Amino acid sequence: MPGLKNKTRKVAKGKEEHEPEDQYFSRAVAKGLDLLQILESAPKPMPLNQLAAAVRLTKPSAFRLLYTLESKGYALKGDDGRYAINHDLRRSVRERLISHLLEAATPHMRELTREFRETTGLAVLFESHIEVVAVVDSPHTIRMGNTVGRILQPHASSLGKCITAFQSEERREHLLRCYGVNVITDRTIVDERELHTEFARIREQQYAMDRGETCLEGQCVGAPIRNAHGEVFAALSMSVPLIRLGPEEQQTQMREKVREAANAIGEALAQ
């Protein structure tokens, strides 16, 4: 089979899009899969014009794809004309996405724990909450713990704040309303303006810190994981008891390693 090459073509508003230059590549199938991924991550049903813009298609072309997906049971169209992914299919797609994420992330989590001997965690954004999906525990007797299936605070934990910070304003507010902005320790940020500033800082730094906001005896750092579309849907973290918190140089190294690992996981998912 011939090798794949990339070609660049012009699209609306002067943007460029790269597609495989291969006789076997189906642009229609690729765009249909793109639509499914967008519908899967959307917090609510989306109108045709928004979906067409997201995949860089004209409305008639996008409508034909969505009509086909609806006819085959992959998408649902509401009375208001908005589209959503089939609920039963959503569960199956989510399971495959998480399975792919775990496959990509587990080696990096184990390596981080091996190098720093501290607990690493992985969390994923669902419709209305953020949930821990994997943990590699520190070998130390005294360690920061986490639990698979735990629902995380979007305003306090490093994983929760990291994922929440990179969502749209509407999605952030949805997550905060669903969980509630509650005081956990005397360091938890509950003021709306302070929380807004914290989220902006996280986006600028590309990592989040939990300095005693969920547990006074520990500190955590979290970094965002992006999907193939550049959207943050997961995060990776490392948690350290204060009794083992090293000098600033060591803390900086840990933050950089967590960020590098999160970026590597995102790159693996995009392949």
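**Figure 1. Arg 211 stands opposite Gln 219 of strand S8.** The view comes from a predicted model. Strands S7 and S8 are joined by 4 bridges. The two strands run antiparallel. Helix H8 packs on the sheet. H8 touches S7, S8 and S9. The direction of H8 makes about 25° with that of S8.

**Figure 2. An open sheet of 5 strands.** The strand order is S6-S5-S9-S8-S7, and the pairing is antiparallel. S6 and S7 (208-211) stand at the edges. Each of these two has a single partner strand, so one side of each is left without a neighbour in the sheet. From one strand to the next, the twist averages 25°. Strands of a sheet pair through backbone hydrogen bonds, either parallel or antiparallel.

**Figure 3. Strand S9 and its two partners, S5 and S8.** S9 spans residues 232-241 and is mostly covered. Of its 10 residues, 10 are buried. S5 (residues 119-125) is joined to S9 by 6 bridges. S5 and S9 run antiparallel. Leu 122 has Leu 236 in S9 as its bridge partner. S8 (residues 218-226) is joined to S9 by 9 bridges. This pair also runs antiparallel. Here Val 221 has Met 238 in S9 as its bridge partner.

**Figure 4. The hairpin of S8 and S9.** The hairpin has 5 residues between its strands. Gly 230 lies in the turn. The phi of Gly 230 is positive, at about 85°.

**Figure 5. Leu 152, a buried loop residue.** Leu 152 sits in the loop between strand S6 (130-136) and helix H5 (158-165). Leu 152 counts as buried because its relative accessibility is 2%, and the limit for buried is under 20%. Leu 152 and Ile 130 are 22 residues apart in sequence. In space, their C-alpha atoms are 5.5 Å apart. Leaving aside residues up to four places away in sequence, Leu 152 touches Ala 123, Ile 130, Val 132, Ser 157, Leu 159, Gly 160 and Tyr 179.

**Figure 6. Helix H5 packs against helix H7.** Two packed helices are described by the angle between their axes and the distance between the axes. For H5 and H7, the angle is about 85°. Their axes are 9 Å apart. The angle makes H5 roughly perpendicular to H7. The contact residues divide into 4 nonpolar, 1 polar and 3 charged. H5 brings Lys 161, Cys 162, Thr 164 and Ala 165. These meet Glu 198, Phe 199, Ile 202 and Arg 203 in H7.

**Figure 7. A buried salt bridge between Lys 161 and Glu 198.** The two side chains meet at 2.7 Å, N to O. The pair links distant parts of the chain. Lys 161 belongs to H5 and Glu 198 to H7 (residues 192-205), 37 residues apart. Lys 161 is buried, with a relative accessible area of 0%. Glu 198 is buried too, with a relative accessible area of 8%. Salt bridges that share partners join Lys 161, Glu 198, Arg 201 and Glu 213 into one network.

**Figure 8. Glu 115 and Lys 257 form a salt bridge.** Side chains of opposite charge can pair when their charged atoms come close. In this pair, the closest N and O atoms are 4.0 Å apart. Glu 115 is partly exposed, with a relative accessible area of 32%. Lys 257 is partly exposed, with a relative accessible area of 29%.

**Figure 9. Asp 80 forms a salt bridge with Arg 82.** The closest N and O atoms of this pair are 3.8 Å apart. Asp 80 counts as exposed because its relative accessibility is 55%, and the limit for exposed is over 50%. Arg 82 is partly exposed, with a relative accessible area of 35%. The structure holds 10 salt bridges.

Definitions and conventions. Residues are numbered from 1 along each chain as its sequence is written. This is a predicted model: local features need pLDDT of at least 70, side-chain atom pairs count only at pLDDT 80 or more; totals for chains, interfaces and linings use all residues. Side-chain values use heavy atoms; hydrogens and water are left out. Buried means under 20% relative accessible area, exposed over 50%, partly exposed in between (1.4 Å probe, protein chains only). Two strands pair if DSSP finds at least two bridges between them. Contact means heavy atoms within 4.5 Å. Axes are lines fitted to C-alpha atoms, for helices over the stretch in contact, and angles run from 0 to 180 degrees between N-to-C directions. Angles under 35 degrees count as roughly parallel, over 145 as roughly antiparallel, 65 to 115 as roughly perpendicular and the rest as oblique. Ala, Val, Leu, Ile, Met, Phe, Trp, Tyr, Cys and Pro count as nonpolar, Asp, Glu, Lys and Arg as charged, and the others, Gly among them, as polar.
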